Amino acid sequence: MSNAVTVWEHGRLDARVGPRQVLFGRMYEDAAIELGAFEPGGRVFCIASAGCTAMKLAPQHEVVAVDINPVQLAYAERRFQGDPGYRGRAERIMDFMRFFGPLAGWWPSRVGAFVELDDPPEQMDYWHRELNTWRFRASLDSLFSVAALRSVYSPRLLDFLPRRLGSVMRSRMERCFARHPNRENPYVRSLLLGELSDAPPPPQASKVTLIHADAAGYLETVPPASFDGFTLSNILDGADDTYRQRLFAAIRHAAAPGATTILRSFGDADADSAFNRAADDQAMLWGSVLVCPAVEL
């Protein structure tokens, strides 16, 4: 067993010693992936995070939402009860990056016009003509350089990332703009403009079971065949291989026959997998979104 649980146990994105924080005010994960992969009526294990995915699943599933960070878990619980929430540490970092947008020609009016487009070919034309400038590319490369990221992120949250991350992130953005209409994509608005959805929770959110625990540790204790689906966010980003294998064994133990697992990563290690659905995720951030039978882990 790994000595540490996961990097998320620290409750911070940086490596400093201090109180745990609300890391995510919203989740940048397209729950349409989960809704399409899980059969309605099943019991689903979910990483709580900001609560967005659990709320989307709750009307059709029995949801158990687990988080190792008690501060983040309490935040999700408040959102289930109707609290509009606020900007977490991740949103504040993105706000800082957007502050410098005008220096790269990303004026709010220009970005706002892009967000309102609903035709992918037109979006790509606008992108290359107005936004993907040399100043933007240079700025993104600087903001996503190792030196810059180390000032706000723990080394364990950086070691797995691909090299030349600025270029990689531009490619992921273009993948999204070329496939999904901006106007219908809430993640484009949140990531490019910083506007967070204020949609109220569904009534079923009050029935979500909240558990403060490490994912692997919790799943090891439940009866066999307890869950029909698992959505794990990107909890393995920054985890060692020992923890990865421990988590996969715990999932196989807890999986009902035919159970499906969804696992996201900012890294590119699984980008070529036949199970990768990252191009379908409107949030545009992910290197891989693996949707596979639990027995295949």
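Which residues of helix α3 (residues 70–80) are buried? They are Q72, L73, Y75, A76, R79 and F80. Because these residues cover an arc of only 160° around the axis, they lie on the same side of α3. The arc is that of the directions from the helix axis to the C-beta atoms. Buried means under 20% relative accessible area, exposed means over 50%, and partly exposed lies in between, with a 1.4 Å probe and protein chains only. The buried residues of α3 pack against α2 (52–57), β2 (62–67) and β3 (209–212). Contact here means heavy atoms within 4.5 Å.

A word on the model. It is predicted, with local features needing pLDDT of at least 70 and side-chain atom pairs counting only at pLDDT 80 or more, while totals for chains, interfaces and linings use all residues. Residues are numbered from 1 along each chain as its sequence is written, and side-chain values use heavy atoms, with hydrogens and water left out.

Now the whole protein. Its secondary structure comes to 12 helices and 6 strands. These are DSSP runs numbered from the N terminus: helices are H or I of at least four residues, strands E of at least two. The C-alpha atoms fill a box of roughly 55 × 40 × 40 Å along the principal axes. The radius of gyration is 19 Å, which agrees with the value near 19 Å for a compact globule of 297 residues. That radius is taken over C-alpha atoms, and the globule rule is 2.2 Å times the number of residues to the power 0.38. Of the 297 residues, 52% count as buried. Among contacts between residues at least 6 apart in sequence, 73% join residues at least 24 apart.

Next, the loop between β5 (255–265) and β6 (288–293), where Q282 lies. Is Q282 buried or exposed? Q282 counts as buried because its relative accessibility is 17%. Leaving aside neighbours within four places in sequence, Q282 is in contact with D30, C176, H180, E184, N185 and Y187.

G267 also has its place in the loop between β5 and β6. G267 is buried, with a relative accessible area of 3%. Which residues does G267 touch, not counting those up to four places away in sequence? They are F160, P162, R172, D237, G287 and S288. Q123 stands 144 residues from G267 along the chain, and their C-alpha atoms are separated by 26 Å.
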